[in-house]
Amino acid sequence: MNELLWYVSRATGVVSIVLLTVVVVLGLVTSGRRRPTGELATIVMALHRWLSLGTSVFLLAHIATAVAETYVSIDLVSAVLPFTSGYEALWVGLGSLAVDLLLAVGVTSALRQRIAERTWRRVHVLSYALWPMAIVHGLALGTSGELLLRGTTAACAVVGASAIAWRYSSTHSDRQRRVAVAAQEWS
């Protein structure tokens with residue numbers, strides 16, 4: 001049973017980083033000057049939201065199986081309190097910190113209609129920090145002999161970094177884009 005938990009933990013970790021990368025890329029696509037409009041924007045945002053939920057489900061399974069298996073010693077406290085694990089404290093801690101940031105992003109997103117847009121946006125920007133933490137966590141703790149697992153995480157790093165570069169290669173900042181859209185709506 002413990003071996004099964006080990007494999008499920010690794011599999012759900014890889015699925016989590018793939019989904020998180022797709023969510024980050026979709027978020028980048030919908031936040032910039034080049035974002036889609038009309039029906040396509042609705043579809044992309046819906047995908048962003050649903051895949052965010054899927055990421056959370058797989059991440060919860062990853063955490064639960066990492067805590068439940070006994071091959072390495074990671075307790076529930078270490079899963080949410082960064083840098084307290086007896087096993088690879090730095091790398092597990094980065095994963096824990098990413099989970100905490102993801103929780104903050106998720107909670108504020110769920111409360112988006114009840115909190116200030118500025119607050120939501122500031123917390124949501126934490127995604128730019130949590131995603132690389134998750135990548136480093138996966139590369140550092142990923143099963144070293146499994147080229148496919150490390151390769152998948154490395155590919156996520158390349159795709160995500162490329163999307164960030166694409167997003168910030170825009171000639172206008174997001175604030176300028178919002179002002180331009182508002183001006184068009186008034187004219």
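Helices (H or I, at least four residues) and strands (E, at least two) are DSSP runs, numbered from the N terminus. Phenylalanine 83, for example, sits in the loop between helix H3 (76-80) and H4. What you have here is a predicted model, where local features need pLDDT of at least 70, side-chain atom pairs count only at pLDDT 80 or more, and totals for chains, interfaces and linings use all residues. Residues are numbered from 1 along each chain as its sequence is written, and side-chain values use heavy atoms, with hydrogens and water left out.

**Confidence**

- The protein has a mean pLDDT of 87 (pLDDT is the predictor's confidence in each residue, from 0 to 100), and 87% of its residues reach 70 or more.
- Confidence is highest in helix H4 (residues 89-110), with a mean of 94, and lowest in helix H8 (residues 174-186), with a mean of 60.

**The nonpolar cores**

- A nonpolar core is a set of buried Ala, Val, Leu, Ile, Met, Phe, Trp, Tyr and Cys residues joined through side-chain atoms within 4.5 Å; buried means under 20% relative accessible area, exposed over 50%, and partly exposed in between (1.4 Å probe, protein chains only).
- The largest core has 21 residues, and the ones touching the most other members are Ile17, Leu20 and Leu130.
- Two or more residues of this core come from each of H1, H2, H4, helix H6 (127-141) and helix H7 (147-168).
- H4 is the top giver to this core, with six residues.
- Take leucine 20: setting aside neighbours within four places in sequence, leucine 20 is in contact (heavy atoms within 4.5 Å) with Thr55, Leu102, Leu130, Trp131 and Ala134.
- There's also a second, separate core of five residues, and Trp6, Val72, Ile74 and Val92 are among them.
- As background, nonpolar side chains in soluble globular proteins tend to be buried together.

- Threonine 21 belongs to helix H1 (residues 2-31), and threonine 21 counts as buried because its relative accessibility is 4%.
- Leaving out residues up to four places away in sequence, threonine 21 touches Trp131, Ile135, Cys156, Val159 and Gly160.
- Serine 9 is in helix H1 too, and with a relative accessibility of 0%, serine 9 counts as buried.
- With residues up to four places away in sequence not counted, serine 9 touches His62, Thr65 and Ala66.
- Serine 9 and alanine 61 are 52 residues apart in sequence, yet their C-alpha atoms are 7.2 Å apart in space.

- Val15, Trp50, Leu53, Val57 and Phe58 make a nonpolar surface patch of about 490 Å².
- Patches are made of residues with over 30% relative accessible area and no salt bridge, with like charges joined within 9 Å and nonpolar side chains (Val, Leu, Ile, Met, Phe, Trp, Tyr) within 5 Å; accessible areas come from the Shrake-Rupley method with a 1.4 Å probe, and for residues, only the protein chains shown count as cover.
- Helix H2 (residues 38-68) gives the most to the patch, with four residues; valine 57 is found in H2.

**Salt bridges**

- Searching the whole structure turns up two salt bridges, each a side-chain nitrogen of Lys or Arg within 4 Å of a carboxyl oxygen of Asp or Glu.
- Arginine 112 pairs with glutamate 117, their closest N and O atoms being 3.3 Å apart.
- Arginine 121 also forms a salt bridge with glutamate 117, and here the closest N and O atoms are 2.8 Å apart.
- Both arginine 121 and glutamate 117 lie in helix H5 (residues 117-124), four residues apart, or about one turn of the helix.
- Shared partners join Arg112, Glu117 and Arg121 into one network of salt bridges.
- Arginine 112 is partly exposed, at 26% relative accessible area; glutamate 117 is partly exposed at 38%, and arginine 121 is partly exposed at 30%.

- Most residues other than glycine have a negative phi.
- Phenylalanine 83 isn't a glycine, but has a positive phi of about 65°; its relative accessibility is 42%, so phenylalanine 83 counts as partly exposed.
- Glutamate 88 isn't a glycine either, and has a positive phi of about 45°.
- Glutamate 88 lies in the loop between H3 and H4, and with a relative accessible area of 39%, glutamate 88 is partly exposed.
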